[in-house]
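Dear colleague,

I am handing over a structure to you with this email, and below it you will find what turned up when I went through it. Please keep it open beside the text as you read.

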Amino acid sequence: RAMTGSSRAQVLTPPGRGAIAVIRLEATPEALKEVLERAFTPASAGSPIIGRVGGLKYGRWMEGGTGEDVVLAFVPNGVEIQCHGGPAPVERILNSLA
């Protein structure tokens, strides 16, 4: 699923139900920071919103409906958002990114 500007989101896991779904968000550092500040709340209060490449952050994706527990895995040029598997959580997160 393409996004505006230089940002792009795509689902990496196959469609259907599963334990975990992974959405990769590729964005400029500025766009990534803007999205995460708007939508993600880290579980550790006061934790920086952006992690280092190879790092993980646990928290809640609060935009797009009820909060969804997620793990963010920071990769070069973006982040992989790991959420509960199944179509509903994936759609909520994708809609919030659109």
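Predicted model: local features only at pLDDT ≥ 70, side-chain atom pairs only at ≥ 80, totals over all residues.

Residues are numbered from 1 along each chain as its sequence is written, and side-chain values use heavy atoms, with hydrogens and water left out.

The strand names come from DSSP runs, numbered from the N terminus, where a helix (H or I) has at least four residues and a strand (E) at least two. Two strands are said to pair if DSSP finds at least two bridges between them. With that in mind, strand E5 (residues 68-75) and strand E6 (residues 78-84) pair in the antiparallel sense over five bridges, and Val71 has Gln82 as its partner in E6. The two strands form a hairpin with two residues between them, and Asn77 in the turn has a positive phi of about 70 degrees. E5 also pairs with strand E4 (residues 56-61), again in the antiparallel sense, over six bridges, and here Leu72 of E5 stands opposite Lys57.

These strands belong to an open sheet of six with antiparallel pairing, in the order E1-E2-E6-E5-E4-E3. Its edge strands, which each pair on one side only, are E1 (8-11) and E3 (40-42). On average, neighbouring strands of the sheet are turned by 30 degrees against each other, direction ignored; axes are lines fitted to C-alpha atoms, for helices over the stretch in contact, and angles run from 0 to 180 degrees between N-to-C directions. Helix H1 (residues 29-39) lies across E2 (20-26), E3, E4, E5 and E6, and runs at about 75 degrees to E3, where contact means heavy atoms within 4.5 Å.

How enclosed is strand E5? Six of its eight residues are buried, so the strand is largely enclosed by the rest of the structure; buried means under 20% relative accessible area, exposed means over 50%, and partly exposed lies in between (1.4 Å probe, protein chains only).

Finally, the structure holds six salt bridges, a salt bridge being a side-chain nitrogen of Lys or Arg within 4 Å of a carboxyl oxygen of Asp or Glu. One of them joins Asp69 and Arg60, whose closest N and O atoms are 2.7 Å apart; Asp69 is partly exposed, with a relative accessible area of 28%, and Arg60 is partly exposed as well, at 31%. Another joins the side chains of Glu68 and Arg92 (3.2 Å, N to O). Because Glu68 lies in strand E5 and Arg92 in helix H2 (residues 87-97), this pair ties together parts that are 24 residues apart in sequence. Glu68 is buried, with a relative accessible area of 8%, whereas Arg92 is partly exposed, at 27%. Salt bridges that share partners also join Arg8, Arg24, Glu26 and Glu80 into one network. Within that group, the side chains of Arg24 and Glu26 meet at 3.1 Å, N to O; Arg24 is buried, with a relative accessible area of 17%, while Glu26 is partly exposed, at 26%.

With best wishes
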